[in-house]
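Biologist: I am new to this structure. Could you take me through its contacts, one question at a time?

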Amino acid sequence: MDYRTESLTLHFVTEDDLAEVAQTWPADHHPLSDAEAREAIVSMRRNYKRNTKGCIYHLCLAVCRQERPGTIMGWCGLDGSRNHAEPEIFILLDEPYRNQGFGTQCVRELIRIAVEDYSLTSVHGGCAKENIASARCMEKGGMTQYGTEENGDPLFRYRGRNSIGHEGDS
């Protein structure tokens, strides 16, 4: 099962994506061997199975244009390594795909996935203070800045209707 936005497909990777994963994972884009790419896919698939209602371990999805579903243009997902009930949004788009609204589509869809598919009421996010585009896409995607790290990096959060003490705050 994949997810669709206005123009993107957020894709659960499989062994069929081996060549694309080898070229695009991890974010620093040094090509992986087939064995390394296969290991990354196995790890992602293992995490897909661990995620349950109310609990995200790690959900990593390939970002593809709907008209080019076999070409990975980046990665996005929800990382629950700090807090399974309030995962952190991450978006890593390749340079040619930035500043075109794709990040905002990813944020909106990841929030929807968290709320509707995993029954979560809160999602966390952050970015470097210099990354104005990332901050904008989090805000446009439905998150609110609630503070900053010690170094000035902004912190964002989506709180759904059922969040304790935050009724209706989103």
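**Contacts in the model**

Modeller: Arg38 and Glu15 form a salt bridge through their side chains, at 2.7 Å from N to O. The model is a predicted one.

Biologist: Which parts does the pair of Arg38 and Glu15 tie together, and how many residues apart in sequence are they?

Modeller: Arg38 belongs to helix 2, while Glu15 is in the loop between strand 2 and helix 1. The pair therefore ties together parts whose separation in sequence is 23 residues.

Biologist: Is Glu15 buried, partly exposed or exposed?

Modeller: Buried means under 20% relative accessible area and exposed means over 50%. Glu15 has 39% relative accessibility, so Glu15 counts as partly exposed.

Biologist: How many salt bridges does a search of the whole structure find?

Modeller: The bridge between Arg38 and Glu15 is one case, and Glu67 with Arg65 is another, at 3.8 Å from N to O. For the whole structure, the search gives seven salt bridges.

Biologist: Which residues do salt bridges that share partners join into one network?

Modeller: Asp117 forms a salt bridge with Arg112, and their closest N and O atoms are 4.0 Å apart. Asp117 is partly exposed at 25% relative accessibility, and Arg112 is partly exposed at 26%. Through shared partners, the network is made of Glu109, Arg112, Glu116 and Asp117.

Biologist: Turning to the rings, how many aromatic pairs does the count come to?

Modeller: Rings of Phe, Tyr and Trp pair if their centres lie within 6.5 Å. By this rule the count is three aromatic pairs.

Biologist: Is the pair of Phe12 and Tyr48 stacked, tilted or edge-to-face?

Modeller: The ring centres of Phe12 and Tyr48 are 4.7 Å apart, and their planes stand at 80°. Planes over 60 degrees apart count as edge-to-face. The pair of Phe12 and Tyr48 is therefore edge-to-face.

Biologist: Where do Phe12 and Tyr48 lie, and how many residues apart in sequence are the parts they tie together?

Modeller: Phe12 is in the loop between strand 2 (8-11) and helix 1 (18-24), and Tyr48 is in helix 2 (residues 34-50). Both Phe12 and Tyr48 are buried. Their pair therefore ties together parts with a sequence separation of 36 residues.

Biologist: Which residues do ring pairs link into a cluster?

Modeller: Phe12 and Tyr48 are an aromatic pair. The cluster linked by ring pairs consists of Tyr3, Phe12 and Tyr48.

Biologist: Is Trp75 buried or exposed?

Modeller: Trp75 pairs edge-to-face with Trp25, at 4.9 Å centre to centre and 75° between the planes. Trp25 lies in the loop between helix 1 and helix 2, and Trp75 in strand 4, so this pair ties together parts 50 residues apart in sequence. Trp25 is partly exposed at 23%. Trp75 has a relative accessible area of 2%, so Trp75 is buried.

Biologist: Which residue in strand 5 stands opposite Trp75?

Modeller: Five of the six residues of strand 4 (residues 74-79) are buried. Strand 4 runs antiparallel to strand 5 (residues 88-93), and six bridges join them. Opposite Trp75 stands Leu92.

Biologist: Which residue in strand 4 is the bridge partner of Cys60?

Modeller: Strand 3 (residues 58-65) and strand 4 run antiparallel and are joined by six bridges. The bridge partner of Cys60 in strand 4 is Gly77.

How values were computed:
Residues numbered from 1 in each chain as written. Predicted model: local features only at pLDDT ≥ 70, side-chain atom pairs only at ≥ 80, totals over all residues. Heavy atoms only, no water. Buried < 20%, exposed > 50% of the residue type's maximum accessible area, 1.4 Å probe, protein only. Helix = DSSP H or I, 4+ residues; strand = E, 2+ residues; numbered from the N terminus. Pairing = 2+ DSSP bridges. Phe/Tyr/Trp six-rings, centres within 6.5 Å; stacked < 30°, edge-to-face > 60°.
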